[in-house]
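Subject: A structure for you to look at

Hi there,

Here is the structure I promised to pass on. Please open it next to this email, and the notes below will take you through what turned up.

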Amino acid sequence: MATGSLTRVTLAELVATLSLAADLGMGRPMERVLRQTLVAMRLGAAAGMDQATCGSAYYTSLLAWVGCAVDTTELAGLFGDEFELYADTRDEDLDRVTMAVFVARHLGRGKSGFRRIGMMGKFLATAGRSVQQVMESHCRVTSDLADRLGLGSGVCEPLLQTFERWDGQGVPGSVRADGLAPAIRLVHLADAIEAFHHAGGAAAALHLARERRGTQFDPGLVDCFCARHAEILDGLGSVSAWEEVIALDPQLGAALSDDQLERALAAFADFSDLKSPLRIGHSRAVAELAAQAGQALGLPAADVVMLRRAALVHDIGMIGVPSGVWDELGEWSVAQRERARTHPYLTGRMLARMPLLAEVGRCASLHHERLDGSGYPHGLGGEALSLPVRILGAADVYNALRQPRPHRPALDAGAAEQTMREEVRAGRLDGEAVHAVLEAAGHRVRRRAGLPSGLTARETEVLVRLGQGRSNPEIAAELHVSRKTVSSHVEHIYIKLGVKTRTGAALFAMRHGLIETAGEPGT
């Protein structure tokens with residue numbers, strides 16, 4: 001795979017992918033935010049808004065709810081399952097009075113009556129400051145992401161107004177009416193239109209817009225929608241929202257550079273780690289370990305790039321699982337375990353929308369698979385798991401062990417190494433991948449004497465089997481890798497040794513004592 005093929009990804013595609021994460025993180029149907037964005041763009045055009053405003057609304061719409069989907073630990077602590085909370089907000093017109101009633105109804109859900117009374121007392125004593133702080137934090141997190149993606153003040157500033165209202169009764173309540181950015185006014189109305197249209201059709205959307213005209217929504221935009229609702233809602237329930245939204249890209253499909261893509265994926269990494277505070281920095285650390293291990297094992301440069309990028313986004317699917325699962329102090333229930341085990345699948349599902357990152361997404365989605373087939377979500381094993389997948393799995397396990405989790409403290413380096421080696425002996429993790437990850441993490445790992453001609457340990461194993469007359473399929477079966485991987489190793493061996501035949505490779509192996517050093521296959 002050529003490295004350059006990965007750079008033809010657009011910012012619109014990446015941000016649209018984050019919108020899918022927001023859908024999952026709020027327990028809503030996939031492409032809900034995409035349909036909202038389509039409504040916002042149609043409404044902006046119908047209202048005669050200029051190109052700059054519509055461009056700001058495009059990215060503001062795609063990012064507006066991302067903050068709600070990631071930094072949810074405090075929210076879950078206040079209200080329980082955040083998915084249930086978000087589902088209940090959809091039908092509410094939450095000005096300050098109804099917000100207080102709404103909070104009173106949901107605060108401390110799932111906790112004892114005594115605990116709920118205490119939480120309500122604190123809420124009233126602080127005038128709801130705890131809830132307001134969570135909402136403001138979500139806005140800041142999303143605005144910061146927009147800044148990191150280079151979207152500028154035209155997107156960053158409207159995102160800070162995500163929970164404001166036309167009548168000034170929103171959060172934090174510092175702006176109202178024309179003080180609201182036009183982009184966020186479009187998003188506010190488009191969000192509600194999409195939700196009510198999805199649930200009850202055009203009549204429900206029209207009723208909602210008229211009912212909240214001049215309170216939650218800009219009256220001028222409401223009037224425009226009511227007058228032109230047929231064209232704004234045309235085909236909304238049946239269009240391919242992804243394709244429609246990508247086609248409306250204000251940057252006209254401009255490709256990201258290699259560095260821009262790397263920074264964007266690093267932002268994805270940080271966002272996925274926000275889902276649980278104890279995981280902060282996990283994805284970046286896994287990416288560093290995996291890339292170093294991949295280089296040590298002789299992966300081609302393009303595969304190392306792919307591996308690093310897969311590691312950065314490997315946990316983005318965690319956003320689609322409630323925070324209460326990740327923050328559980330005790331043993332998971334069966335239901336919690338099943339929800340947790342969906343996150344690699346969700347990662348792959350989100351990234352599959354971008355064909356040019358398909359290999360990255362597939363590698364990322366397999367990081368919990370194991371050689372013996374005991375992993376998830378697909379139960380793959382053996383040669384179905386490429387060397388990059390094995391490296392990613394090992395790097396993920398190692399760094400997770402070195403970080404604390406709600407149910408256990410962090411392991412020290414020695415205990416983490418011992419656990420990794422136990423996983424190898426049990427047949428779940430690849431020994432070569434674990435060896436390389438441990439070295440990348442600074443462990444002093446015993447090594448075989450230096451190998452000639454720059455051969456890696458895996459290439460030496462392949463070379464030995466070539467010398468013993470094994471065919472490529474036989475080597476693949478013995479090493480539990482794909483035939484394609486073996487062919488790639490053989491090609492690299494020939495280049496490094498300066499030979500063109502198996503016979504030449506076998507002579508080199510015997511001349512350097514490699515067959516005796518390596519021993520019989522399987523030892």
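Let's start with a proline: Pro-377 sits in the loop between α20 and α21 (387-402). (Helices here are DSSP runs of H or I with at least four residues, strands are runs of E with at least two, and both are numbered from the N terminus.) The peptide bond joining Tyr-376 to Pro-377 is cis, with omega at about 15 degrees.

Before going further, a word on the source. This is a predicted model, in which local features need pLDDT of at least 70 and side-chain atom pairs count only at pLDDT 80 or more, while totals for chains, interfaces and linings use all residues. Residues are numbered from 1 along each chain as its sequence is written, and side-chain values use heavy atoms, with hydrogens and water left out.

**Other backbone spots**

A cis peptide bond also joins Val-171 and Pro-172, with omega about 5 degrees. Pro-172 belongs to the loop between α10 (153-159) and α11. Glu-31, found in the loop between α1 (11-25) and α2 (32-46), has a phi near 75 degrees, a positive value in a residue other than glycine.

**Helix pairs**

Axes are lines fitted to C-alpha atoms, for helices over the stretch in contact, and angles run from 0 to 180 degrees between N-to-C directions.

Helix α16 (residues 301-313) packs on helix α20 (residues 358-365) at an angle of about 60 degrees, and their axes are 8 Å apart. The two helices are therefore oblique to each other (under 35 degrees counts as roughly parallel, over 145 as roughly antiparallel, 65 to 115 as roughly perpendicular, and the rest as oblique). The contact (heavy atoms within 4.5 Å) is made by Met-306, Leu-307, Arg-309, Ala-310 and Val-313 of α16 with Glu-359, Val-360, Cys-363 and Ala-364 of α20. By class, that gives 7 nonpolar, no polar and 2 charged residues. Here Ala, Val, Leu, Ile, Met, Phe, Trp, Tyr, Cys and Pro count as nonpolar, Asp, Glu, Lys and Arg as charged, and the others, Gly among them, as polar.

Helix α3 (residues 51-63) and helix α11 (residues 182-211) pack at about 50 degrees with their axes 8 Å apart, which makes α3 oblique to α11. On the α3 side the contact uses Thr-53, Ser-56, Ala-57, Thr-60 and Ser-61, and α11 brings Pro-182, Ala-183, Ile-184, Leu-186 and Val-187. These residues divide into 6 nonpolar, 4 polar and no charged.

The axes of helix α15 (residues 282-296) and helix α23 (residues 431-440) come within 8 Å and cross at roughly 115 degrees. Leu-289, Gln-292 and Ala-293 of α15 meet Ala-436, Val-437 and Ala-440 of α23, a contact of 5 nonpolar, 1 polar and no charged residues.

**A cavity**

How many cavities of 30 Å³ or more are there? The count comes to 1. A cavity is a set of points, on a 1 Å grid over the protein atoms alone, where a 1.4 Å probe fits but cannot get out, and lining residues have an atom within 4 Å of a point. The largest cavity has a volume of about 70 Å³ (the space filled by probe spheres set on the points, which are joined across faces, edges and corners). Its lining has 13 residues, of which Glu-369, Arg-370, Leu-385, Val-389 and Arg-390 lie nearest the centre. The lining of the largest cavity divides into 6 nonpolar, 2 polar and 5 charged residues.

Happy browsing!

Key: 1 Å grid on protein atoms, 1.4 Å probe; cavity = no way out; pocket = protein on both sides within 12 Å on 5 of 7 lines; lining within 4 Å.
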